[in-house]
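Subject: Two-chain model, handover and findings

Hello,

Here is the structure we talked about. Please open it alongside this note, as the findings follow directly below.

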Amino acid sequence: MLWGGSRMRFHSEDQRVWFERMRDRGWIVPGWPKAYGGGGLSPREQRILEQEMRALGCRTPLYNLGIWMLGPVLLEFGSEEQKREHLPPLARGEVRWCQGFSEPNAGSDLASLRTAAVRDGDHFVVTGQKIWTSNGDEADWMYALVRTDPHAKKQEGISFLLLDMRTPGVTVRPIELISGRSEFCEVFFDSVRVPARNVVGGVNRGWPVAKKLLEHERAAMATFSEGGAPTLDTLATAAPYLAAAGPVWRDRVAAALMDQHAFALTARRLREAAQAREDVAGLAAIMKLVQTEQEAAKYELLQQIMGQRGLSMEDEGVAAQEREVCRLWLQTKSYTIAGGSSEIQLNIIARRVLGLPT
Amino acid sequence: MALLLNEEQRMLRDSAQTFLDTRSPVAALRALRDRRDERGYDPEVWGAIAELGWPACALPEAYGGLGVGYQGLGAVFEQVGRTLAATPLLSTVVLGAGLLTELGSAAQRDLWLPRIAAGEAILALALEETPRHDPTQASLRAERESGGWRLDGAKEFVLDGHVADALLVVARSAGVAGQSHGLSVFMVDPAAPGVRIERTWMVDSRNAARVQLAGVRLGDDALLGAPDLAFDALERVLDRARALAAAELLGVIGEAFERTVRYLKERVQFDAPIGAFQALQHRAARLYVERELLRSCVAAALEAADDASAGDAAALASLAKARASDLSQHALNEAVQMHGGVGVTDALDIGLFLKRGRVLQQAFGDGAYHRERYARLRGF
């Protein structure tokens, strides 16, 4: 997978050629207007491009939070100046973005965030801490939620701010997880000066921007998982252990495969329904929950089928795949927590889809 | 092909919904039950259904087929599930007409299919002999006799068997129980000497007969297709029945779920609608998720029933039936539980959904059966 930004590294010549050719057509972001570096394709043309790429087994040329999440909200909420400054470099893969939302005391309850941005002339001075910032150590810029009015109701004192990670006072520290070193970082802000023109959607009006962005995040996580993330094949991995494990485990493997089959068919139905312009809000709301829970359940199952062999991440005496399963068992624990925990997804389904009262 | 209904299939679904809501609501099943109706279905409603063309949905066009396929028929079955309508659609149209289409001679098809399309004949499949569904376990004997066959044995769980104009009997003409080779299908007149049919009352207020055959003599023209080789065709027909039973369960589950969500919004305890409590919200949300996953599986199984190139019809039928069976148990238990005390009263319909779901869960194989079959079909 290729991530953009100033630290971009190609893993092969083919990858570089594919990236550059797609970039030169504006097809890193085929749906964005040409004026902002996109391909200017209509929704119909985008679907055709997607279908052709899928049929040919093409990889996504570039992964970038800016593309999936920031771009769409800048197009909707950004000023003309902000769009011209930030979208074309994104479309060329030159800037890698990270997301500064969660804080140590603002996880599922995101609106209780406390990182402060205090006005000082034509700047804001930012002080506080973000956590669970994916690839914060690789990113060039961050879009962050900051508190600009400590006295307002909690959703109403928040602004959506774009900041350069090289600004003095920004410190990034990677977080070690139960599965080892991770992409997650802590980011500390010590009187970081950010130009006031970098507020998107108006001062104290960042919450609607963030909510919209999180909708894009849920949609992106579903497609991301469908096409991208490398993952072990359940049956191929389990097969060598099945005979010795016995019929109970055969039943459990069948159940896991059937769950995955049901999810794949649902992803297909979602695509078809979206293409047919049906209301897919309800269906889309289940995808992150199901995908991440299935992925976590899969490694629970594989590890257990491997028995005692699935219990080390470093023992060279067991097979590489056994170590990998052990690591992924731990890594997938974060999937059902990050990006809106499963419990938050269920809240969303219950309240927005089923209309249950709060 | 697609997992979504086309325009024609949507119209069929909408007209089925309107028809069943007015002519065969849940109250109609309740009335059949309360008067211990001998037939177990309403012939007037069945006649009207035939006029709407449902029995012809998936028939070959030469026999008046509607051309909406199993996906269209599946849309009807989901609506049937929503109102718990008691009709002989599954026994007559899916199993009966299905086996005749797969195995029957031109003469057999010409005799029966037009009558089925017109709603004038009811057929029943006599297959099951063991407590749990397993087509290979059939051991009712079919012995060659001069000029024909002689059948001896017993069948149970014969849906609509006591009202059928003809029984399609799966018999063992070779081999032993457990083998797929050696099965033959015979058309048996319920009035023939040696046939005894006993109506049963199932928990869902529907019927499934016990059939005994003692020295029943049949001509060669009673045999459907070649002797000993019926298994593959039988499985193809059963796979459609599994997919359609899953579609009906989708409707049973869906209606019970929607009634439950309405109840969660209305029922006030501790000064709040109980649907405001997160413990119940999350359970309801989980049911919604599972229902959506099931809908995709049912649609894919029906798509493959119509078009073999769309996917492995057998694996998809097992996928759909396994999930529908398991979810029906979970979702309908939850529907009763979330209704609280009123949920276990006979006055409330929710118990009728629980009962119908439980019978459909076992029909043509439950979750455990189809997980095992799915594993086998996937090669492990």
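Leaving aside neighbours within four places in sequence, Arg199(B) is in contact with His162(B), Asn207(B) and Ala209(B). Contact here means that two C-beta atoms, placed from the backbone, lie within 7 Å. Arg199(B) sits in the loop between β6 (195–198) and β7 (208–219) of chain B. Helices (H or I, at least four residues) and strands (E, at least two) are DSSP runs, numbered from the N terminus. Arg199(B) counts as partly exposed because it has 16 C-beta neighbours inside 10 Å. The cut-offs: buried is 20 or more other C-beta atoms within 10 Å of a residue's own, exposed is 12 or fewer, partly exposed is in between, with C-beta atoms placed from the backbone. Arg199(B) and Val211(B) are twelve residues apart in sequence, and their C-alpha atoms are 8.8 Å apart in space.

A word on provenance. This is a predicted model, in which local features need pLDDT of at least 70 and side-chain atom pairs count only at pLDDT 80 or more, while totals for chains, interfaces and linings use all residues. Residues are numbered from 1 along each chain as its sequence is written, and chains are lettered from A and ligands numbered from 1 in the order in which they are written.

Ser91(B) lies in helix α5 of chain B. Ser91(B) counts as buried, because 23 C-beta neighbours fall inside 10 Å. Neighbours within four places in sequence aside, the contacts of Ser91(B) are Gly96(B), Ile122(B), Leu123(B), Ala124(B), Leu125(B), Leu159(B) and Asp160(B). Ser91(B) and Glu102(B) are eleven residues apart along the chain, with 15 Å between their C-alpha atoms.

Asp160(B) is in the loop between β3 (148–159) and β4 (166–172) of chain B. With 28 C-beta neighbours inside 10 Å, Asp160(B) counts as buried.

Phe364(B) also has a positive phi of about 60 degrees without being a glycine. Its loop runs between α10 (350–362) and α11 (367–377) of chain B. Phe364(B) is buried, with 28 other C-beta atoms within 10 Å.

Domains of chain B

Chain B is divided into domain 1 (7–121), domain 2 (124–224) and domain 3 (231–377). These bounds come from an automatic or database domain assignment. The C-alpha centres of domains 1 and 3 of chain B lie 21 Å apart. Across that boundary, 21 residues of domain 1 of chain B are in contact with 25 residues of domain 3 of chain B. On the domain 1 side, α2 (26–34), α4 (69–83) and α5 (89–103) of chain B each supply at least two residues. α4(B) gives the most to that side, with eleven residues. The side divides into twelve nonpolar, six polar and three charged residues. For these classes, Ala, Val, Leu, Ile, Met, Phe, Trp, Tyr, Cys and Pro count as nonpolar, Asp, Glu, Lys and Arg as charged, and the others, Gly among them, as polar.

Where the chains meet

32 residues of chain A are in contact with 30 residues of chain B. On the chain A side, α6 (234–245), α7 (247–275), α8 (281–306) and α10 (342–353) of chain A each supply at least two residues. α7(A) gives the most, with 15 residues. The chain A side divides into 23 nonpolar, four polar and five charged residues.

α7(A) packs against helix α8 (residues 278–306) of chain B at an angle of about 85 degrees, with the axes 8 Å apart. Axes are lines fitted to C-alpha atoms, for helices over the stretch in contact, and angles run from 0 to 180 degrees between N-to-C directions. α7(A) and α8(B) are therefore roughly perpendicular to each other; that label covers 65 to 115 degrees. Residues of α7(A) in this contact include Phe263(A) and Arg269(A), and those of α8(B) include Glu292(B) and Cys297(B). By class, the contact has seven nonpolar, two polar and two charged residues.

Best regards

Conventions. Parallel < 35°, antiparallel > 145°, perpendicular 65-115°, else oblique.
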